[in-house]
Amino acid sequence: MLLTMTSTASSATDLGFVLHKHPDRVQTFDLAAGRAHVFYPEATPERCTVALLVETDPVALVRGKQGGRPAFSLGEYVNDRPYAGGSHLAQALGRVFRSALAGSCPHRPELVDRVVPLDIRVASVPAPGGLDRVVRLFAPLGWSVDATPMALDPEVPRWGEAAYVDLTLTGAMTVRAALQHLYVLLPVLAGSKHYWVSSDEVDKLLRAGSEWLPAHPEREWITHRYLARKRESVDDALARLIALDDAVSEDEDEGGGGGGGEQREDRPVPLAVCRRAAVLAELRALDAHHVVDLGCGPGALLRDLLADASFTRIVGADVSAGALDAAARRLRLARMPDSQRARLELLHSSVTYRDPRLDGADAIVLMEVVEHVDPERLPTLARTVFGSARPRAVIVTTPNVEFNVRYEGLAPGAFRHPDHRFEWTRAEFEDWCQSVGAAYGYAVRLAPVGEVDPEVGPSTQMAVFTRADSALAQGSEAEGSGG
Amino acid sequence: MTDDRVLTLPEVCLVVLIGISGSGKSTFAERVFGEFETVSSDYCRGIVADDVNDQAATPDAFALLHHIVGARLRRGRLTVVDATNVQRDARAQLVALAREHDVLPVAIVLNVPESVARERNRTRADRDFGDHVTRRQHDQLRRSLRGLQREGFRGVHILTTPEQIDTVAIHRERLLNDYRDEHGPFDVIGDVHGCRSELETLLVRLGYEITRDESGRPVDAVHPAGRRAVFVGDLVDRGPDSPGVLRLVMGLTAAGHGFCVPGNHENKLVRALDGRQVQVSHGLAETLEQLAAEGDDFTVTVREWCRGLVSHLVLDDGRLVVAHAGLKEAYHGRASGRVRSFALYGDTTGETDEFGLPVRYPWAGDYRGRAMVLYGHTPTPVPEWVNNTMCLDTGCVFGGHLTALRYPEKEVVQVPAEQVWYESVKPFPTVAEDARRARAGDELDLADVMGARVVQTGHHGRVTVRAENAAGALEVMSRFAIHPRWLPYLPPTMSPVATSTRPDLLEHPDEAFGAYAADGVTEVVCEEKHMGSRGVVLVCRDEAVAATRFGASPGETGALYTRTGRSFFGPDLTEQALARLRAAAESAGLFDGLDTGWLLLDAEVVPWSVKAEGLLREQYAAVGAAARGALPAALDILAAATERGLDVAPLLQRTRERWADAEAYGAAYRRYCWEVDGLTGVQVAPFQVLATEGRASQDKDHLWHLGIADRLVAGDPEFVRPTRRFVVDLASEAARAAGTSWWEDLTAAGGEGMVVKPLANLVRSPKQLVQPGLKVRGREYLRIIYDPDYTMPDNLDRLCQRGLGHKRSLALREYALGLEALERLAAGEPLWRVHEPVFAVLALESEPVDPRL
């Protein structure tokens, strides 16, 4: 990691006073995992450059992990931290230039507030949001930003550009402000790769950003990225398995401005609300009291169900233990009164294994679930839900892919969520519903959710299956393959 | 009771002791029953209330007592309840408990004079209750005595004197269905329905010699090798000669040459012959007519013989159960009305179909028992295994076949019907219709995989899976993996060699050779480690095999999947890849040569970027790019500082080294990516045959496996990649040195490294399984595993202190689970049995282990 700061002010070597580092000395500082070196590759009265070169100790970096747990993916070991100017560089900067950051300069106090022409270069800065994002972070603070993109691998041209830039900031600024900007914004750029040793980030942010952050147009995004870096349960068994197959874990905090989280809510909130309202209305019309939300995720529908006393037995089931934990937290299960608690059950289950605990429900809801199942596994899903659990009714909602053209920002042909295995047209959805209905003895009614576009239909499509009780005696129908 | 000095009890039953306080129940129980067999209400009071006489604790004490009794009965243990049980209510609860677990309730009454009991209570300090208590109990007991039989007890034994109580002996009688000491071999024969001629043909086909009476009628069948016939019932009705069939089977069972369980048709016949009101339908009329022609004596013999048939048989140490309509596991070896009813009629949903026949519940789909269950009752065109059960009724009387299954060989033997003897009410299903039916055995229960589990393996004992690991695996299996029927195996993790003691290396062949020599292995094979991802190939010879053996949908002929069970490609590309491998296997004559319709191969799929392009770009290349941005710039700055006369020489030197490391790192990962287009550029490198029909191949040496791989390469050299190998005789220093230089050459040319395996394949040391392979990775390759700078002496020193114990243990446990899955697959075991160890491998893979190992 390398950072240089060049002053071209008159008596440029005053930079040494401000930084408390003598221009003719090479100084080395121990860090938690590595060493920081400070020296001046040039120091003339016209032009003075200080360099901060950080050598990271990769072995110590890994061994020193919080909690002492072994890292689960190779990405923890083969990592850009030794090279890219992200949170480790900021941390080194905070350690090495602590007094300058605090605005302390006992020998030449008048230099602290002196605005000088500065030229800062960080040779390799993570820029996952693209150049634009870098400009939007630094330009409002008065910097002229020059971010040069680099190839991901010059020998593999088809891979295009890397998510790193060679960053040069030019502007007239106090040294202290410049250091504060870097101290806060370098970790923000690093995003998910951001890594801290200490835990008092809020204090640090307030201290370093109090003078300029409130007026920064990107302040919310900055705050979110600076603070919300906690990866949930690093030792999670699932994460290990995903890493094991050399897949890249879904990075939840990339590209989104909101509070992270609800994976299932892939569209703006009103649609999700609308969808839940539609499902609830159908459940009430079906006179359902015992309802299973299969694929309940963090429990948004469960909360609505709990709010209506006519739902006397509510089961939230999900294949993700993590989602169930989230649901338990969000619904404040631990503090729920007994009478409420008795109505709700959370189950770790799967649509690809028969689970007798799901039997006997009035209705099973598959809200935005089927599109997360590989098409080849859909017959198994149908067998589990319609053949084995056999509730009186099944409600299925899924995106209508025809509507995707109405979403700006969704690339043509792209799905609404990276985990979607398919998205159906209205005709495809209807085909599937009819064949499942016929195979398992359910009548099907299709209904749009929310506003219907005259040309491409609704954003979400819904099907309500009701068991044809009169034909229930045809047990053999339940043995159809269903898909 | 013929002998009042001996009291006979069924081997499994619930014994309810009845007697007033002081009648000597506990003393009696202690004398004649085992330490844990008796559950006493006093003891339960003590457990819940610290006081055996605390009457206020009675409800809790009995709740506990019922729980213990229930658990014991579920496990099939004879259990004795030591409580007064003088009240009808108390006994009714115990009778209900016995019925719930399908064991017989038996009453033993200790009916001593009240004065004796009262005297005993006086001598005991803790029984200071008044005489009125004993008197009340005695009254209740007296009123109870007459009705005990009607309360549901299947045996009531009354002991009246203290002497009798002190001397009577208990004889435990085995249950009527208990034939566990009969070990076969057997020929189990499906529903005959009066098809006497076909039965004779079948018995002859099975190798029996038929004995005939003076009129030439068959009356016995004897197998020269001592095999015995077992009939699943429904000998009678519909067909042309029910009496003839009965005469043969009655003779055969009487002579000890076979066994028979009753079918619903025998059951109904008995009721008809008893003169009870029955509907004379479904071919009963024909039987009654035929019997009438045989005369009364024969008919009476038939009636008594049929009446004496036991509803199901448990044979061969419990490994085989025969019942007419099948039997769920909880009912094996039990006796109750509902067990008999299940055995005769099967499970029904309570509904009737459009032909007026009861809708049958497919109990076999839920069956998870270890015993093989053979049955008939429901005509099916082709006998099929469903979870270790098979229906042998192939509708002979309707013009189908008469079917037998040889046990333990599991070989089906059939003879065709000579004609359609009876028209079925419901059209007899054709084979095509039947194939369209979903395979009941393909359904997996959540209970098959969830929670903390123990998997019994043949090679490594019990392997434990923790609940949280199973939970992680459930999500991966459900969200990402292919259908479990295509996933009969997951490869185990592999341990690296012990860390090298050389100064500049983490891994070196010496440690592998040394470790195997220490385990008594004399020869090893070094196989090149391909620069790709582990892949398992399941390729069927054609769609028909895929459909019958693996339940494939049309168009599917196998799978090509990763170490966590994901498909490498979409359906189209998968089938293209399978077509090429199939063609290669055909041209090598492998299907015929190995006598199999499918091959399960362990392989490597190259390049790595096929699977891990995302990881290579976002992780590996990105790190390289970050280094390329930072290090040359740092070198420039350091050069400028040097020019100014600053002492940065050591820092400059280190930075130069790090830049060289970063470049070497780039070169290392770049070898794993090249552009592919469809299958162009993709190669599959098989290195081991995991299993074929009927055979897991871990006992074949690796040169045999590699020989097969070579034949596949010859069949399609463009798509199938050869695996280089080098055999090392561990006794020879020269051979070890040659093995080492082979590795050095391999890795110097950019190779990833090698895997060293015992040449003989599966090897055990005196203590345990020997590791099936040890990886020895190249120095350059390890840069992309450890760190670009891992070779710096200071880093290497610290990295050498790596703990391998957990990894090795995990590798062995997963290896044993993998072998278990293969053996279950090869033996044709049901899907849930194969899936169990496969799922366990995935669950173990989520244990936290250093991923660099």
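Start with helices α6 and α8 of chain A: they are roughly perpendicular to each other (angles of 65 to 115 degrees count as such, under 35 as roughly parallel, over 145 as roughly antiparallel and the rest as oblique). This is a predicted model, in which local features need pLDDT of at least 70 and side-chain atom pairs count only at pLDDT 80 or more, while totals for chains, interfaces and linings use all residues. Residues are numbered from 1 along each chain as its sequence is written, with chains lettered from A and ligands numbered from 1 in the order in which they are written.

**Stop 1: the helix pair in chain A**

Select residues 175-190 for α6 and 219-227 for α8 of chain A. Their axes are 8 Å apart, and the packing angle is about 75°. Axes are lines fitted to C-alpha atoms, for helices over the stretch in contact; angles run from 0 to 180 degrees between N-to-C directions. Now show the side chains. α6(A) brings A:V184, A:P187 and A:V188 to the contact, and α8(A) brings A:I222, A:R225 and A:Y226. Contact requires C-beta atoms, placed from the backbone, within 7 Å. By class, this contact has 5 nonpolar, no polar and 1 charged residues. Ala, Val, Leu, Ile, Met, Phe, Trp, Tyr, Cys and Pro count as nonpolar, Asp, Glu, Lys and Arg as charged, and the others, Gly among them, as polar.

**Stop 2: chain A as a whole**

Zoom out. Chain A has 15 helices and 14 strands, taken as DSSP runs (helices H or I, at least four residues; strands E, at least two) and numbered from the N terminus. Of its 483 residues, 46% are buried, meaning 20 or more other C-beta atoms within 10 Å of the residue's own.

**Stop 3: the sheet in chain B**

Switch to chain B. Here 5 strands form an open parallel sheet, ordered β3-β4-β2-β5-β6. Strands pair if DSSP finds at least two bridges between them. The twist averages 20° from one strand to the next.

Next, take β2 (13-18) and β4 (79-82) of chain B, which pair over 4 bridges in the parallel sense. Find B:V15; opposite stands B:V80 in β4(B).

**Last stop: confidence**

Colour by pLDDT, the predictor's confidence in each residue, from 0 to 100. Chain B averages 91, with 97% of residues scoring at least 70. Select residues 431-438 of chain B: pLDDT stays under 50 there. The model scores ipTM 0.82 and pTM 0.80.

Notes: Contact = placed C-beta atoms within 7 Å. Buried ≥ 20, exposed ≤ 12 C-beta atoms within 10 Å, placed from the backbone.
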